[in-house]
Amino acid sequence: MSRQILDNALGAVGNTPLVRLDKIAAQEGLQCNLLGKVEYTSAGGSVKDRIAKRMVEAAEREGKLKPGHSVVIEPTSGNTGIGLAMACAVKGYSVIITMPNKMSLEKEAALRALGAEVVRTPTEAAWDSPESHIGVAQRLQKEIPGGIILDQYRNVNNSLAHEFSTGPEIIEAVVGTPSTSTKPSSGIVDVLVAGAGTGGTITGLSRAIKKAHNPRCTVVGVDPVGSILAQPEGLNTEGEGSQYIVEGIGYDFVPDVLSREPGTVDTWLKSTDEESFEAVRKLMRLEGLLVGGSSGSSLSGALRWLKSDEGKKIAQTKGANVVVLLPDGIRNYMSKPWFLKMALEAEPSPLAQRISSILQQS
Ligand code: PMP
């Protein structure tokens, strides 16, 4: 966090903390350091603020945006939209966000509050159909004067934002934290685990870490059952095309920004809603972190990989650093049944029972 006065909200994008997840590590019997990169502390509440800011600033430099004239139109699962609406509120551009129906009401409310127009689209529409969030954005752009799609699925500034901000922040935190007898550290990022939607985060982080820091880092990608981003493709056959509840990860096409160069993502794992939500509960209850659903997918993927043949050596290596990307916060999902069930329908604790008995007596 900056200790200087910021020019505007965009100065509070990124610079997020890397936090030890010691209680989860202990519960899982891990010797390695389990570290969470907590993106909900960014100004718009997610990892996607960074790409929104970078895409808008690049378009401005290229003369593609004009205040009072340009209308930024973007298909998104919501978080890129919130980042764009925030940047456009600051800079004076109109915004239209197209977003599948499954995405939360909280995201729509935040978008509208920031002044964006929101168009909902059928969740089940194929990405290349005119009804999908991508198809609707393209139709609107053709008709609206000043309409421009910055296009997070193709824009190089998507992965570059992570290569030049998220990645270096992770590396700096790991390198800058001394190894001690109680908290040993290898001094390098040994493993990185992240989900993929556009794939910009995992591509940019992999490049930042492998090119400039540790070429031997293992990058683990997490993709929901029902999506087709994982490789080898055989991983995607089970539950192909099925709907899942977690927002922001997985697709029915491979976006250009998700690099397929060998070695960008070393291993893919599939995740289910159940294990994702269970991991969200752990992050809240054990670590006090108010993260969203896809953070649970990253964590559950990390824990599964650390138990696999490939990961179990790292799991038992004191000081090895396993970084888990936690993309957004639970405030995006508070009206979702999965969260309400978790928060409000838990078994009454002994303390809750004690409270009721005291209040019944008096
Ligand atoms: N989690 C959430 C909540 C997101 O909104 C996104 C962005 N779609 C991601 C994960 C995945 O990020 P990326 O698009 O960079 O792959």
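User: Leaving aside neighbours within four places in sequence, which residues is Val191 in contact with?

Analyst: In this predicted model, local features need pLDDT of at least 70, side-chain atom pairs count only at pLDDT 80 or more, and totals for chains, interfaces and linings use all residues. Residues are numbered from 1 along each chain as its sequence is written. Two residues are in contact if their C-beta atoms, placed from the backbone, lie within 7 Å. Once neighbours within four places in sequence are set aside, the contacts of Val191 are Cys217, Thr218, Val220, Ile314, Val322 and Val323.

User: In which strand is Val191 placed, and is Val191 buried or exposed?

Analyst: Strands (E, at least two residues) and helices (H or I, at least four) are DSSP runs numbered from the N terminus, and Val191 has its place in strand S7, residues 191-195. A residue is buried if 20 or more other C-beta atoms lie within 10 Å of its own, exposed if 12 or fewer, and partly exposed in between, with C-beta atoms placed from the backbone. Because 26 other C-beta atoms lie within 10 Å of Val191, this residue is buried.

User: Why does Ile148 count as partly exposed, and which residues is it in contact with beyond four places in sequence?

Analyst: Ile148 sits in strand S6, residues 147-148. It counts as partly exposed because it has 18 C-beta neighbours inside 10 Å. Leaving aside neighbours within four places in sequence, its contacts are Lys64, Leu65, Ser70, Val72 and Ile73.

User: Which loop holds Asp151, and what is its phi?

Analyst: Asp151 belongs to the loop between S6 and helix H6 (156-176), and it counts as buried because it has 21 C-beta neighbours inside 10 Å. Most residues other than glycine have a negative phi, and most peptide bonds are trans. Asp151 has a positive phi, near 65°.

User: Which residue does a cis peptide bond join to Gln231?

Analyst: The bond in question has an omega of about 0°.

User: How many residues of helix H9 are buried, and how many of helix H12?

Analyst: Helix H9 (residues 293-307) has 15 residues and reaches 22 Å from its first C-alpha to its last, close to the 21 Å expected at 1.5 Å a residue, where the expected span is 1.5 Å times one less than the number of residues. H9 is mostly covered, with 13 of its 15 residues buried. H12, by contrast, is hardly covered, and its count of buried residues is zero.

User: Which residues come nearest to the ligand?

Analyst: A residue is near a molecule if its C-beta atom, placed from the backbone, lies within 6 Å of it. Of the 18 residues around the ligand, those that come nearest are Gly197, Thr201, Gly248, Ser294 and Pro327.

User: What radius of gyration does the chain have?

Analyst: The radius is taken over C-alpha atoms, and the globule rule is 2.2 Å times the number of residues to the power 0.38. With 362 residues, a compact globule would therefore be near 21 Å, and the chain agrees, at 21 Å.
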